[in-house]
Amino acid sequence: MDPETWQIISLTLGVAVLSTVLILPLGVALAWLLARPGWRGKSLVETLVALPLVMPPVATGLILLRLLGRRGPLGYWLEEKMGIEIVFTWRAVVIALAVMSFPLLVRTARVAFQEVNPRLEQIARTLGAGELRVFFTVSLPLAGRGIVAGTLLAFARALGEFGATIMVAGNIPGRTSTIALSIYENVLLGHDSAAFRLLAVSVAMAFAAVWASEFLMRRRAAAP
Amino acid sequence: MKLALKRIQLPLGRWALEMDVELEGQVIAIFGPSGAGKTSTLDLIAGLRKPRTAHIALDGTVLEDTSHGRRLAPQERGIGYVPQDGALFPHLSVMGNLNYGSRRTNGSSLFSTEHVAEVLEITHLLSDGIGSLSGGEKQRVALARALLSQPRLLLLDEPLASLDEKLKSRGLDLLRRIHGEFAIPMLYVSHSREEIAAICDQVICLAEGRVTQRGAPEILA
């Protein structure tokens, strides 16, 4: 493979890993909270979290562009006060991937937390454990496989993201051009062999991530 | 042990658990048919359920008093709970389960892991996983785990229900030995008259959430 293709693959892997790592703490915490029985505003939070799953990705990208653009409320503040430029940089790619893959992590992890036998958490409390210890020693380990499966799904989603990314980060070779964006561009330019090379890489990576996620889900279902 | 369960009101589906009793004894049984509210009573004492109204006190320490908005969290009550299925942590070994709530022994060997495991005859299982244990072994590990937290009161929810007759009689001997050795008062839920007669000094009978009888185990005869 030529250096340009390697650069596209490494950029894609880098931003996908970074976005997945970034959403992990908040995603797991939110999933745990959503697995707790009825609290005020829960259904509103659930709906907001699910929105990027059902909205057109370009629409989510447009919202991000408005928020993070130089004249956007967040983008203006970040550039003026912190000197951080977001749109049309690799940071915008990371944010777009994070927003688009967040619902997959939260929904999978929430189900994993819901499947933890609440009796075990109760008994842990009678043994002197406070909420934090119950979370880290009972809930999290027992939901662990589901959380890893959700993380892999989110990573797979991030690898293939297109719509939101092109809106907020554009398609700048060497800076924001991921595998999905490069396939699109190569097809437009009639570079079919380059497009198919990237397609093969994309399929292999997505297959590995989804297969690993499914494997973990099956093992979780079979666990005692 | 003196256990006050006063002004208890806990809605439970079709009916409510309603109690107003003071219990005194070392091994007290709660007797009644399935669905009478026995496990809910234990949950209430352990702080795992929130009642509508209640004044619950153990040896003068108020655990819950809804009229004054007082409520001790389950982890602050010092009450050991052995549920019917043992509720062992499946991701931990037997040793991991025992150590979970284990308190420092301050030099005393009575509540050391080794001694408790020896009394409950589970020393050979310490490095095993939970999945390989039989029903009786799981119950003994759950009992050891609760004992190691050095509770002021031990709640036992039908601990012998899953055992056959031969193992039941061994289980009763073991419970007697535990009570003699560790001197921890017990609240013992069962629907077996024989078990209650063998081990308890007091009994309350529950039906649809209400106390219908109380006294010495002989009242069940």
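Student: How many Å separate the centres of domain 1 of chain B and domain 2 of chain B?

Tutor: First, a caution: this is a predicted model. The separation is 24 Å, taken over C-alpha atoms. Domain 1 of chain B is assigned as 1-77 + 153-159 + 185-221, and domain 2 as 79-151.

Student: How many residues does the contact take from domain 1 of chain B and from domain 2 of chain B?

Tutor: Domain 1 of chain B gives 11 residues, and domain 2 of chain B gives 10 residues. On the domain 1 side, α1 (38-46) and β8 (153-157) of chain B each give two or more residues.

Student: Now the chains. How many residues of chain A are in contact with chain B?

Tutor: Interface size can be expressed in more than one way. It is often given as the accessible area lost when the parts come together. Here we count residues in contact: 15 from chain A and 17 from chain B.

Student: Which elements give two or more residues to the side of chain A that touches chain B?

Tutor: They are α6 (118-126) and α7 (131-160) of chain A. Helix α6(A) supplies seven residues, the largest share. By class, this side of chain A has nine nonpolar, four polar and two charged residues.

Student: Helix α7(A) also packs with α1(A). At what angle?

Tutor: For a helix pair, read the angle, the axis distance and the handedness. Helix α1 (residues 3-35) of chain A and α7(A) pack at about 145°, with axes 9 Å apart. Their crossing is right-handed.

Student: Which residues make the contact?

Tutor: From α1(A), they include A:Thr12, A:Ala16, A:Ser19, A:Thr20 and A:Trp32. From α7(A), they include A:Phe135, A:Ser139, A:Thr151, A:Ala154 and A:Phe155. The whole contact has 11 nonpolar and five polar residues, with no charged ones.

Student: Take A:Thr20. Is this residue buried or exposed?

Tutor: Count its C-beta neighbours. A:Thr20 has 26 other C-beta atoms within 10 Å, so it is buried. The cut-off for buried is 20 or more. A:Thr20 is found in helix α1 of chain A.

Student: Which residues does A:Thr20 touch, not counting those up to four places away in sequence?

Tutor: A:Thr20 touches A:Ser101, A:Thr151, A:Ala154, A:Phe155 and A:Ala158. Look at A:Ala154, 134 residues from A:Thr20 along the chain. The two C-alpha atoms are separated by 6.7 Å.

Student: On to strands. Which residues lie on each side of β7(B)?

Tutor: Read a strand one face at a time. In β7 (residues 79-82) of chain B, B:Ile79 and B:Tyr81 lie on one side, and B:Gly80 and B:Val82 on the other. Every one of the four is buried, and both faces are covered.

Student: How many bridges join β7(B) to β8(B)?

Tutor: Four, and the strands run parallel.

Student: Which residues are buried in helix α9(A)?

Tutor: In α9 (residues 179-189) of chain A, the buried ones include A:Ile179, A:Ala180, A:Leu181, A:Ser182 and A:Ile183. Just after this helix, A:Gly190 takes a positive phi of about 80°.

Student: Where does B:Asp59, with its positive phi, lie?

Tutor: Check the residue type, then the setting. B:Asp59 is not a glycine, and its phi is near 45°. It lies in the loop between β4 (53-58) and β5 (61-65) of chain B. B:Asp59 counts as exposed because it has 11 C-beta neighbours inside 10 Å.

Student: And where does B:Glu121 lie?

Tutor: B:Glu121 is in the loop between α3 (113-119) and α4 (135-148) of chain B. Its phi is positive, about 55°, although B:Glu121 is not a glycine. With 14 C-beta neighbours inside 10 Å, B:Glu121 counts as partly exposed.

Technical notes: Residues numbered from 1 in each chain as written. Chains lettered and ligands numbered in written order. Predicted model: local features only at pLDDT ≥ 70, side-chain atom pairs only at ≥ 80, totals over all residues. Domains from an automatic or database assignment. Contact = placed C-beta atoms within 7 Å. Nonpolar A, V, L, I, M, F, W, Y, C, P; charged D, E, K, R; others polar. Axes fitted to C-alpha atoms, helices over the stretch in contact; angles between N-to-C directions. Left-handed = near helix turned anticlockwise from the far one by under 90°. Buried ≥ 20, exposed ≤ 12 C-beta atoms within 10 Å, placed from the backbone. Pairing = 2+ DSSP bridges.
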